[in-house]
Amino acid sequence: MEQKEIILGVTGSIAAYKAAELANNLTKENILVHVIMTAAAAEFITPMTFQTLTKNKVYVDMFEKVDYPDVRHISLAQRASLLLIAPASANTIAKLAAGIADNMLTSVTLASPKTPKILAPAMNTAMYENPVTQDNMGKLAKYGYKFIAPRASRLACGDTGRGALADVSEIIEITLSSL
Ligand SMILES: Cc1cc2nc3c(=O)[nH]c(=O)nc-3n(C[C@H](O)[C@H](O)[C@H](O)COP(=O)(O)O)c2cc1C
């Protein structure tokens with residue numbers, strides 16, 4: 001059977017470390033995982049972790065000097081069967097809702113209008129409940145983006161409320177059933 005390819009976007013959230021487990025589990029399902037990290041995500045977890053787990057190149061810098069000739073944000077967009085962003089930060093959600101493409105992840109996403117997209121937000125409760133964030137998610141939902149709602153929990157910042165990344169097992173299950 002042809003190996004499926006997905007893009008796993010990782011953004012600057014304290015939950016970024018959980019994306020390593022996602023990358024690991026999806027790779028074990030015989031999926032070729034292309035991890036794209038934002039610069040902020042790389043403050044929380046290193047590209048080396050994902051590269052080792054996925055046995056695949058990890059993208060952070062849009063303008064990295066590379067030895068392949070293709071325009072990678074377009075070729076990745078064309079190859080992937082699904083685009084999962086987990087954790088999805090408030091900032092990246094806002095950029096996507098505005099059509100901004102100022103890094104590798106937002107560029108690939110904008111270049112993938114027909115690819116199924118799943119976002120698992122993770123952020124402080126006030127950021128999540130902020131009407132701006134809710135409006136941004138509503139706008140993306142209208143464009144067909146699916147959301148995996150965050151859990152209510154005691155958050156890393158000390159607040160208690162909705163905003164913790166959904167369970168990895170739930171994200172994996174929804175991803176696999178969407179492929
Ligand atoms: C310790 C720490 C934890 C953070 N956790 C989150 C988070 O869980 N969710 C979020 O939306 N932003 C969080 N932020 C803020 C983002 O990192 C910041 O908005 C950044 O610009 C996001 O960039 P990106 O969307 O390109 O990854 C956190 C920042 C710090 C310093």
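Helices here are DSSP runs of H or I with at least four residues, strands are runs of E with at least two, and both are numbered from the N terminus. By that count, the protein has eight helices and eight strands. Its radius of gyration, taken over C-alpha atoms, is 15 Å.

Two points on sources. This is a predicted model, where local features need pLDDT of at least 70 and side-chain atom pairs count only at pLDDT 80 or more, while totals for chains, interfaces and linings use all residues. Residues are numbered from 1 along each chain as its sequence is written, and side-chain values use heavy atoms, with hydrogens and water left out.

Now the overall picture. The C-alpha atoms fill a box of roughly 45 × 30 × 30 Å along the principal axes. Of the 179 residues, 49% are buried, meaning under 20% relative accessible area with a 1.4 Å probe, protein chains only. Contact means heavy atoms within 4.5 Å. Among contacts with a separation of 6 or more, 71% join residues 24 or more positions apart.

On to strand β5, residues 117–121. How many of its five residues are buried? Five of the five, so β5 is largely enclosed by the rest of the structure. In a regular strand, side chains alternate between the two faces of the sheet. Here K117, L119 and P121 sit on one side of β5, with I118 and A120 on the other. Both faces are covered.

What are the neighbors of β5? Strands pair if DSSP finds at least two bridges between them. Strand β4, residues 82–88, runs parallel to β5 and is joined to it by four bridges.

Last stop, helix α4, residues 90–98. Which of its residues are buried? They are A90, T92, I93, K95, L96 and A97. Their cover includes strands β4 and β5. Helices α5 (104–110), α6 (125–129) and α7 (131–142) are also part of that cover. Just after α4 comes G99, with a positive phi of about 75°.

Notes. The radius of gyration is taken over C-alpha atoms; the globule rule is 2.2 Å times the number of residues to the power 0.38. Buried means under 20% relative accessible area, exposed over 50%, partly exposed in between (1.4 Å probe, protein chains only).
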